[in-house]
Amino acid sequence: MDKNTLFSSFGKWVAPINIVNFQQRIDETDQDKYAKKLTTKAYLLLFLHAQLPQ
């Protein structure tokens, strides 16, 4: 298996998520008010990436 296949497949798998709408909801609820590096968007992508290889 090619090393870059996982990331290109992951990008295609995550592409249907509407990031603009997701970011608006995060801003409305102030979820990332005290977050510096692990934002809600980064946490979501990390969680989905962890689920991909199981």
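Of the 54 residues in the chain, 9% are buried, that is, under 20% relative accessible area with a 1.4 Å probe and protein chains only. The model is predicted, so local features need pLDDT of at least 70 and side-chain atom pairs count only at pLDDT 80 or more, while totals for chains, interfaces and linings use all residues. Residues are numbered from 1 along each chain as its sequence is written, and side-chain values use heavy atoms, with hydrogens and water left out.

Begin with the whole chain, coloured by secondary structure.

Next, colour by pLDDT, the predictor's confidence in each residue, from 0 to 100. The chain has a mean of 82, and 87% of its residues reach 70 or more.

Now select aspartate 30, in the loop between H2 and H3. Although aspartate 30 is not a glycine, its phi is positive, about 55 degrees.

Move on to threonine 40, which belongs to helix H3. Its side chain makes a polar contact with the side chain of glutamine 31 at 3.4 Å; such a contact is a pair of N or O atoms within 3.5 Å, where within protein one must be able to donate a hydrogen and the other to accept it, and residues adjacent in sequence count only if both atoms are side-chain atoms. Leaving aside neighbours within four places in sequence, threonine 40 is in contact (heavy atoms within 4.5 Å) with Phe22, Ile26, Gln31 and Asp32.

Finally, select Val14, Ile17, Ile19, Phe22, Lys41, Leu44 and Leu45, which line the largest cavity. Helix H2 (19-29) and helix H3 (40-51) are the elements that give two or more residues to this lining, and H3 provides the largest share, 3 residues. A cavity is a set of points on a 1 Å grid over the protein atoms alone where a 1.4 Å probe fits but cannot get out, and lining residues have an atom within 4 Å of a point. The largest cavity holds about 30 Å³ of space.

Conventions: 1 Å grid on protein atoms, 1.4 Å probe; cavity = no way out; pocket = protein on both sides within 12 Å on 5 of 7 lines; lining within 4 Å. Points joined across faces, edges and corners; volume = space filled by probe spheres on them. Helix = DSSP H or I, 4+ residues; strand = E, 2+ residues; numbered from the N terminus. Buried < 20%, exposed > 50% of the residue type's maximum accessible area, 1.4 Å probe, protein only.
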